[in-house]
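Me: I have a model open in my viewer and would like to learn how to read it. Could we take the features in turn?

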Amino acid sequence: LLILAAAEQALDDPEAALDAARRAESARPGGVLPTAQQALLHEYWLDDADAAEREWRKVIDQAVDSPDMAALLEAMRAQAMLERADRARGEQDS
């Protein structure tokens, strides 16, 4: 399903990609990769910063107790994305 999501995104169908990523998350609850893929879709293809932020926070929450190195790396990426969003908001407020 994650490969399908990537293919749908590559075919410029972000809604179908998001659906596939959500189905991947349902198939494997707690997995960070489907959540990270949803965050990326919201951030870069659906222009929904609020939804992206919610998904990035979910990645961090999911990775907290995971022994998986990929989960840790995704959590670090999520943290960087959230910090970047915070800086962008601060620059807009200035």
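Me: Which residues make up the largest nonpolar core?

Reply: In soluble globular proteins, nonpolar side chains tend to be buried together. A nonpolar core here is a set of buried Ala, Val, Leu, Ile, Met, Phe, Trp, Tyr and Cys residues joined through side-chain atoms within 4.5 Å. Buried means under 20% relative accessible area, exposed means over 50%, and partly exposed is in between (1.4 Å probe, protein chains only). In this structure the largest core has 12 residues: V32, A36, A39, A52, W56, V59, A63, A71, A75, A78, M81 and L82. Two or more of these residues come from each of α3 (32-45), α4 (49-63) and α5 (69-93), and α5 gives the most, with 5 residues. Helices such as these are DSSP runs (H or I, at least four residues; strands are E, at least two), numbered from the N terminus.

Now the ground rules. This is a predicted model, in which local features need pLDDT of at least 70 and side-chain atom pairs count only at pLDDT 80 or more, while totals for chains, interfaces and linings use all residues. Residues are numbered from 1 along each chain as its sequence is written, and side-chain values use heavy atoms, with hydrogens and water left out.

Me: What does A75 touch, leaving aside its neighbours within four places in sequence?

Reply: Contact means heavy atoms within 4.5 Å. By that rule A75 is in contact with V59, I60 and A63, once neighbours within four places in sequence are set aside. There is also a second, separate core of 6 residues, and A5, A17, L18 and A20 are among them.

Me: How should I read the crossing of α4 and α5?

Reply: Take the axes to begin with: they are lines fitted to C-alpha atoms, for helices over the stretch in contact, and angles run from 0 to 180 degrees between N-to-C directions. The axes of α4 and α5 come within 8 Å and cross at roughly 145 degrees. The hand is left-handed, a label used if the near helix is turned anticlockwise from the far one by less than a right angle (right-handed if clockwise).

Me: Which residues meet there?

Reply: From α4 come E53, W56, R57, V59, I60 and A63, and they meet A71, E74, A75, R77, A78, Q79, M81, L82 and R89 in α5. The residues of this contact divide into 9 nonpolar, 1 polar and 5 charged. In that tally Ala, Val, Leu, Ile, Met, Phe, Trp, Tyr, Cys and Pro count as nonpolar, Asp, Glu, Lys and Arg as charged, and the others, Gly among them, as polar.

Me: How many aromatic pairs does the structure hold?

Reply: A pair of aromatic rings is described by the distance of the centres and the angle of the planes. Rings of Phe, Tyr and Trp (its six-membered ring) pair if their centres lie within 6.5 Å; planes under 30 degrees apart count as stacked, over 60 as edge-to-face and the rest as tilted. The structure holds 1 aromatic pair. Y44 and W45 form it edge-to-face, at 6.2 Å centre to centre with 80 degrees between the planes. Y44 is partly exposed at 47% relative accessible area, and W45 is partly exposed at 39%. Y44 is found in helix α3 and, beyond its neighbours within four places in sequence, is in contact with M81 and R84.
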